[in-house]
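Take a look at the model below. The report then goes through some of its features.

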Amino acid sequence: MAIKMRYLYASGKKKFVTIGDMVKKKFELTNNNAVDVIPPAYNCDKERFVFIGISVKDEPENKVRLFCQQLDKTKAAYVALIIDGNEKGANAVKDILVAAGTNVFPEIFFIKGGLPFLGNLKPEETEALDKWLDKAVAYMN
């Protein structure tokens with residue numbers, strides 16, 4: 001599937017790296033910067049999809065807020081959120097992205113990040129995430 005897509009994350013939890021590997025494999029992303037941290041080494045430029053994975057409680061970190069504020073439609077046509085945290089924090093990030101001018105997939109995927117050193121997804125998490133990724137991409141097409 002040749003789509004200009006990236007997965008960016010801001011969390012010290014290993015599950016977000018595992019999710020990045022899953023996204024890269026599922027969508028056959030070959031560019032070196034397809035999976036990166038926030039802020040990324042290379043800015044987004046005319047990306048079709050950007051999946052953002054973050055740990056957030058009530059308010060996002062400054063680096064996340066600043067990154068999301070500049071993510072308009074010229075940088076990312078569509079954004080979907082994978083959140084380890086609460087709904088208030090997720091909605092705060094979503095509101096920042098909408099204000100920046102990008103399209104945001106309305107269904108946020110919530111995941112329990114777990115301990116920082118545990119990176120494996122449970123089989124039910126993998127299955128739910130796989131279905132959600134398909135749903136997000138189908139919605140954005």
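## Two exposed loop residues

K46 is exposed, at 62% relative accessible area. Exposed means over 50% of relative accessible area, buried under 20%, partly exposed in between (1.4 Å probe, protein chains only). K46 sits in the loop between β2 and β3. Its phi is near 55°, a positive value in a residue other than glycine.

E28 lies in the loop between α1 and β2. Its phi is also near 55°. E28 counts as exposed, at 54% relative accessibility.

## How the model is read

This is a predicted model: local features need pLDDT of at least 70, side-chain atom pairs pLDDT 80 or more, while totals for chains, interfaces and linings use all residues. Residues are numbered from 1 along each chain as its sequence is written, and side-chain values use heavy atoms, without hydrogens and water.

Helices (H or I, at least four residues) and strands (E, at least two) are DSSP runs, numbered from the N terminus.

## A cis bond

I38 and P39 are joined by a cis peptide bond, with omega about -5°. P39 is in the loop between β2 (35–37) and β3.

## Strands β3 and β4

Strand β3 (residues 47–56) and β4 run parallel, joined by nine bridges. Strands pair if DSSP finds at least two bridges between them. F51 stands opposite A80 in β4.

Eight of the ten residues of β4 (residues 76–85) are buried, so the strand is largely enclosed by the rest of the structure.
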